[in-house]
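Hi everyone, thanks for coming. Today I'd like to walk you through one protein and its ligand, and then through some of its charged pairs.

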Amino acid sequence: MNLPAGFDAIVRRCRSVCVLTGAGVSAESGVATFRGADGLWNKFRPEELANVEAFLANPKMVWEWYAYRRQLLSDVKPNEAHRALARLEALVPDMLVATQNVDGLHQLAGSTKVVEIHGNIRKNHCQTCKKPVEIVLTEHDGPPLCPSCGGMVRPSVVWFGEMLPREAFGSAERAARHCDLFLSIGTSGIVHPAASLPFTAKNSGAYLLEIDPEPTLLSSYADGVVRAPATVGVSAVVGAFEHQRNPS
Ligand code: OAD
């Protein structure tokens with residue numbers, strides 16, 4: 001796998017990496033992306049399923065859709081791209097993964113420096129009082145009621161029209177502003193404000209590398225592009241760090 005010309009020098013100087021991942025990083029674990037030919041948004045309508053108005057109007061339908069997605073995710077495993085990113089933590093003094101994915105696979109692979117800017121599908125909170133609520137998912141075929149206030153419990157994912165978790169996105173923006181290398185992996189770059197992070201990094205002086213088998217909105221702006229599936233492209237990038245830090 002050829003990395004862009006001059007990338008060795010970037011690796012040598014690099015002290016800080018910020019990573020943005022999208023659905024593509026989990027594709028080879030068997031998780032559907034949103035906008036590809038088999039993408040979730042080609043089969044389902046986001047406006048009917050992924051916003052607060054839909055939940056309030058039809059809580060059972062929205063709850064069931066998330067139960068279906070939770071079921072699909074219940075036995076997926078991290079792939080080599082997740083694992084390579086987890087190894088990268090030990091090779092640079094400073095690293096953060098900002099993921100748009102709600103599947104928790106980076107943490108399962110061993111990454112400890114992860115912010116989930118679109119939430120986590122395995123968690124729940126109360127729509128009314130916002131407190132986290134622990135429930136056994138299989139025991140409910142519609143939204144259970146919050147033990148604190150009686151409001152409806154909902155999945156802790158960010159829906160269209162909602163603000164991103166302030167602390168998580170703030171950390172991602174800071175990391176983007178201060179990194180030497182920004183990796184954009186498996187994201188179409190369509191959904192903001194997540195899609196602004198690579199631009200923040202590049203405008204702050206970082207080298208911007210995209211890893212994606214298809215051209216994206218970011219491609220023409222990137223300093224380097226790796227046209228490969230995440231397992232191949234991320235392994236090659238992390239391999240370059242491993243080779244440079246521990247030559248043998
Ligand atoms: P998209 O479905 O928009 O884009 C997926 C990207 O992954 C595309 O650029 C694909 O080319 C790429 N891809 C496919 N297979 C790949 C592979 N094996 N390796 C690497 N890349 C691959 O997904 P996102 O950009 O993540 O938001 O979508 C952003 C947000 O839109 C999601 O977080 C979700 C959705 O609506 C919310 O739910 C709030």
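Let's begin with a term: a polar contact is a pair of N or O atoms within 3.5 Å. Keep in mind that what you see is a predicted model.

Now to the ligand. A backbone N or O atom of phenylalanine 34 sits 2.7 Å from one of the ligand's oxygen atoms. Side chains take part too: a polar side-chain atom of histidine 118 is 2.8 Å from a ligand oxygen, and for threonine 187 the distance is 2.7 Å. On its own the ligand has 800 Å² of accessible area, and the protein covers 88% of that.

Who else is around? There are 23 residues around the ligand, and Phe34, Arg35, Thr187, Ser188 and Asp212 come nearest. By type, the shell holds ten nonpolar, nine polar and four charged residues.

On to the salt bridges. How many does a search of the whole structure find? Seven. One joins the side chains of lysine 60 and glutamate 64, at 2.7 Å from N to O. Both residues belong to helix H6, residues 59-73, and they are four residues apart, about one turn of the helix.

Here's another pair: arginine 154 and glutamate 162, also bridged through their side chains, at 2.7 Å. Are these two buried or exposed, or something in between? Arginine 154 is buried, because its relative accessible area is 2%, under the 20% cut-off. Glutamate 162, at 25%, counts as partly exposed.

Finally, look for a network of salt bridges: it links Glu80, Arg83, Arg87 and Glu242. Within it, arginine 87 and glutamate 80 have their closest N and O atoms 3.1 Å apart.

Methods. Residues are numbered from 1 along each chain as its sequence is written. This is a predicted model: local features need pLDDT of at least 70, side-chain atom pairs count only at pLDDT 80 or more; totals for chains, interfaces and linings use all residues. Side-chain values use heavy atoms; hydrogens and water are left out. A residue is near a molecule or strand if one of its heavy atoms lies within 4 Å of it. A polar contact is a pair of N or O atoms within 3.5 Å; within protein, one must be able to donate a hydrogen and the other to accept it, and residues adjacent in sequence count only if both atoms are side-chain atoms. Accessible areas come from the Shrake-Rupley method with a 1.4 Å probe; for residues, only the protein chains shown count as cover. Ala, Val, Leu, Ile, Met, Phe, Trp, Tyr, Cys and Pro count as nonpolar, Asp, Glu, Lys and Arg as charged, and the others, Gly among them, as polar. A salt bridge is a side-chain nitrogen of Lys or Arg within 4 Å of a carboxyl oxygen of Asp or Glu. Helices (H or I, at least four residues) and strands (E, at least two) are DSSP runs, numbered from the N terminus. Buried means under 20% relative accessible area, exposed over 50%, partly exposed in between (1.4 Å probe, protein chains only).
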